[in-house]
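Welcome, and please load the model in your viewer. We will walk through it one selection at a time.

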Amino acid sequence: MAGIKRKREADWCEVGSDILESIMRRLCFVDILRMKRACRWWFSVGESYTSSPSYLPCFQTPWLLIPPPEEEEEEDEDDDKGERKSIISLCFFNLDEKKPYRDVCLCREVYEGRCVGSSHGWLFLLDKTANLSLFNPFSGARIQVEGSLKEGRSEEEELFDVDSYTADGTKYKKYKGGRAFISKAILMMSDICKKKINKDKDGVVLIYRGGEKLAFCMFNDGRFMDLHGAHESYNDVICYDNLVCAISQFYGFVEVWDFSTTGFSPSPTKVMDIRSCLPLKKAIEFQKSTRQVCCSYHSYLVESCGELLSIVRIVSEFMDVHVHENGKDNQPKKIRLYKTVMFYVYRVDLHHKILVEMESLGDQVLFLGGNNSISLRVQDCPGCIKDSIYFTDSYWERADEDDSYGGHDMGYYNLKDKCVKPFYDTLHRYKMKPTPFWVLPNPW
């Protein structure tokens, strides 16, 4: 009708920064990432907001770095020879929304399978010459670790020939690829609340040489130094209250080094060695009571509600089966299946130097695997079930020993129900490569 003026549609690009920031304060970091993609103005406000010293990201469900539901190959150029080679695509799986995301920034080394772990949102990347770097897939930031594990080693230490680990594993058959050299990598952070790296105070801690050794390197020092332990090999290491704590693979013994005298500096003191046979005893009792023919035991450490917890994971190895490799018309290969069947949880009493068995995690949810072990409140983890342990495959000896099978052992274990359930369908896949692991989104 003539004379009637149409109401002008709202231009969302003109929304003021104060309004946008008030919205972002109510969102988790991943949702802020989505807002930033709306337009250049929203991107600018989002960058300013997340880079502000006052910004503290709220807790959220970790994401899973994983091969997509169906393997896809992409062509990429080889840096060394100028040739083109196939690489597998990767994506993040969101437990809350139960769907994969392929649009998060990932660098070349991640696609090539050189990622050896994650800690506080950073991926640890290992190149063929044992140079270590950190990459944040959510911000695109990258940090080079100046120290090298090759420095200061004698020629007689043949196992430090990095090519034998990171190329094809020909000299050391226990694992293949980067996991043979570094089986766990975590950040030492002076300000764990902000989760922002301070290069003057922070560093990295590694389990390397197939789990046999521990080492650390401060960013401002540029040298790797060994932590001399008594219980090789190691399954896990974490930083807890200015302490570096490591747990042995076979007996679950806990060793503790104190970095508090001068902050995180190259002068740690070993202050504790907790030798408890309780975890091994309970694991053996379980194996006998359930008549498991063959089991392996894996240990983890995690900080939960201010307490240090020791977790024992029991993996059962089943009968041998024959499988055909994908896309190959040949004789079936004989492999032995393995699957996680049980977890035990213990509180580490550092004062009395004992382990105390726990029947429940309360409202906590644990995330274990090749990542820096994580404990979060179930209220901060949409899509998760309280009193549960969400786990990925970290049985490196088996996950990497065969190209046809491994990496699939994922699920969650509820301490009340005492059973393992899936959160991602791996039923029709014998091989998950690279092995999935948890990543906690971090804007820095």
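## Stop one: a facing pair

Start by selecting Phe367 and Tyr390: Phe367 stands opposite Tyr390, which lies in β24. A word on what you are viewing: this is a predicted model, where local features need pLDDT of at least 70, side-chain atom pairs count only at pLDDT 80 or more, and totals for chains, interfaces and linings use all residues. Residues are numbered from 1 along each chain as its sequence is written, and side-chain values use heavy atoms, with hydrogens and water left out.

Now widen the selection to 364–368 and 388–391, which are strands β22 and β24. They pair in the parallel sense over 4 bridges. Strands here are DSSP runs (E, at least two residues), numbered from the N terminus, and two of them pair if DSSP finds at least two bridges between them.

Next, show the open sheet around them: 5 strands in the order β23-β22-β24-β25-β26, with mixed pairing. At its edges, select β23 (374–377) and β26 (419–421), each of which pairs on one side only. Neighbouring strands of this sheet are turned by 25 degrees against each other on average, direction ignored; the axes are lines fitted to C-alpha atoms, and angles run from 0 to 180 degrees between N-to-C directions.

## Stop two: an antiparallel sheet

Move to the open sheet of 4 strands, ordered β6-β7-β8-β9 with antiparallel pairing. Colour β6 (115–119) and β9 (142–145): these edge strands have a single partner each, so one side of each is left without a neighbour in the sheet.

Finish on β8 (residues 132–135), which 4 bridges join to β9.
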